[in-house]
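Take a look at the structure below.

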Amino acid sequence: MSVLPDPAVLAGLDTFRDLEAKQQPSWPDAQALADVTAKLSSVPPLVFAGEADNLRERLGAASRGEAFLLQGGDCAETFDELTADNIRDKIKTILQMAVILTYGASLPIIKMGRMAGQYAKPRSSDSETRDGVTLPAYRGDIINGFEFSESARIPDPNRLLDAYHNSATTLNLIRAFTQGGFADLRRVHEWNRGFMANRAYARYDTFAAEIDRAIRFMHAAGADFEALRTVDFFSSHEGLLLDYERPLTRIDSRTGLPYDCSAHFLWIGERTRQLDGAHVDYFSRVRNPIGVKLGPTSTGDDALALMDKLNPDGEAGRLTFITRMGAGKVRDLLPGLVERVRADGRPVVWVCDPMHGNGFTSDSGYKTRRFSDVIDEVRGFFEVHAALGTVPGGLHVELTGSDVTEVLGGSEEIDDLALARRYETLVDPRLNHQQSLEMAFLVAEMLRG
Ligand code: PEP
Ligand code: MN
């Protein structure tokens, strides 16, 4: 029997329309948008309410130090890069990192992609000027095209449908790869051995040998490796474009409650977390686990007010704070926030995003980050939580499974000149496959303390 929604709950889902929504496109044709959102309101959900509930429970475990979240993927997915190889390589990278982190943390790792819907981007400026020509800024493939031409940059609502279908395709592959034997622990372990064959990573030999011994021990002790052939893998993206999130919201027939069925987990970005804004209101009304990015201007009052709005009853796993302070600030700014939240008592998952506070433009003109800064911010995050006796619950990273050259440093020492070799991101720089695995070793060492 299906439970009908409370009419007030249904009406509440449109309250955001009366509030200010930052970072939304100006659609040129209201009728075309209405046609598309009507269509999106009737298509099948991408994820199911029960899956989001399962994730919420696991994040509850992360808030208590009984699990650890690994969330990773592109800054912006693109329609052009939607290929089986790209998706496979990203999943592979996250699975490889997860094995290393599982060993370091001695905890289950919750695996989550910035995948299958990470198509909308907030921008610091509404427009972009090149050679005297000014056009609307690129806002992600769900809104307009990256190409610097007027026709590409005009927002096109049909892209919402493309984003939906591309997300469905991505999720289909994710489900196949993670349920069909590709994620087999023994296979992932073999991949990590391949990585360790590169002598650039000799400093992780001892750690890698320990993992190898642990797996051989499991084998000898008769561990059920068949049960380790599949993993749960969750999808997430920034809940930015409300014209996409609202029509993909569905009423769960078991409970009569709304879930945003575009992804398991949605986060509110640094630029759209205004307490009286449309995004906070909207995501307060759906049952998915929700994240909020907290940058260096966030105050303890902001954090508590966000908890009042997004998790008033203090449900474990409902609310994740993703801090992105910058390596030079995390040790000064994070303790105040964490202390206020701890004093309140309602649980949150503390996750470190060591990417977005550490960007700069290199001498050669590329938007980049230093691997050493990224690692230093994670180290600061662990130090702060250790000093306060609170729980570091996870890691949020921009990464890709290929050998791009977008982030400076790492043992293979990508320098400013090397950035030009394979700089492919349309928005923020991503750790490449090797840098991602190296990060996993370094974080695993930190987790072990
Ligand atoms: C992002 O995650 O790509 C992003 C834009 O982050 P933030 O909202 O933290 O700036
Ligand atoms: Mn980004």
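A salt bridge here is a side-chain nitrogen of Lys or Arg within 4 Å of a carboxyl oxygen of Asp or Glu. By that criterion, Asp53, Arg56, Asp252, Arg254, Arg287 and Glu315 are linked in a network of salt bridges. The model is a predicted one. The structure holds 45 salt bridges. Side chains of opposite charge can pair when their charged atoms come close.

Glu226 and Arg186 meet through their side chains, at 3.4 Å from N to O. Glu226 sits in the loop between α8 and β5, and Arg186 in helix α7, so the pair ties together parts that are 40 residues apart in sequence. Glu226 is exposed, at 52% relative accessible area. Arg186 is partly exposed, at 29%.

Arg273 forms a salt bridge with Asp302, with the closest N and O atoms 4.0 Å apart. This pair links the loop between β8 and α10 to helix α11, across 29 residues. Arg273 is buried, with a relative accessible area of 10%.

Arg369 lies in strand β13, Asp428 in the loop between β14 and α14, and 59 residues separate them. Arg369 is buried, at 2% relative accessible area. Asp428 is buried as well, at 9%.

Now the ligand. A polar side-chain atom of Arg114 lies 2.9 Å from a ligand oxygen. Glu270 places a backbone N or O atom 2.9 Å from an oxygen atom of ligand 1. For His356, a side-chain N or O atom is 3.0 Å from a ligand oxygen. Taken alone, ligand 1 exposes 300 Å², and the protein buries 97% of that.

The largest nonpolar core has 83 residues, and Phe321 and Met439 have the most contacts inside it. Helix α4 supplies the largest share of this core, 9 residues. Beyond its sequence neighbours within four places, Met439 is in contact with residues including Met97, Pro354, Phe371 and Leu431. Apart from this core lies another, of 26 residues, among them Val36, Leu46, Tyr119 and Tyr164.

Last, the backbone. Most residues other than glycine have a negative phi. Ser106 has a positive phi of about 50 degrees. Ser106 is in the loop between α4 and β2, and is exposed at 63%. Asp131 has a positive phi near 45 degrees. Asp131 lies in the loop between β3 and β4, and is exposed at 83%.

Notes: Residues are numbered from 1 along each chain as its sequence is written. Chains are lettered from A and ligands numbered from 1 in the order in which they are written. This is a predicted model: local features need pLDDT of at least 70, side-chain atom pairs count only at pLDDT 80 or more; totals for chains, interfaces and linings use all residues. Side-chain values use heavy atoms; hydrogens and water are left out. A nonpolar core is a set of buried Ala, Val, Leu, Ile, Met, Phe, Trp, Tyr and Cys residues joined through side-chain atoms within 4.5 Å. Buried means under 20% relative accessible area, exposed over 50%, partly exposed in between (1.4 Å probe, protein chains only). Helices (H or I, at least four residues) and strands (E, at least two) are DSSP runs, numbered from the N terminus. Contact means heavy atoms within 4.5 Å. A polar contact is a pair of N or O atoms within 3.5 Å; within protein, one must be able to donate a hydrogen and the other to accept it, and residues adjacent in sequence count only if both atoms are side-chain atoms. Accessible areas come from the Shrake-Rupley method with a 1.4 Å probe; for residues, only the protein chains shown count as cover.
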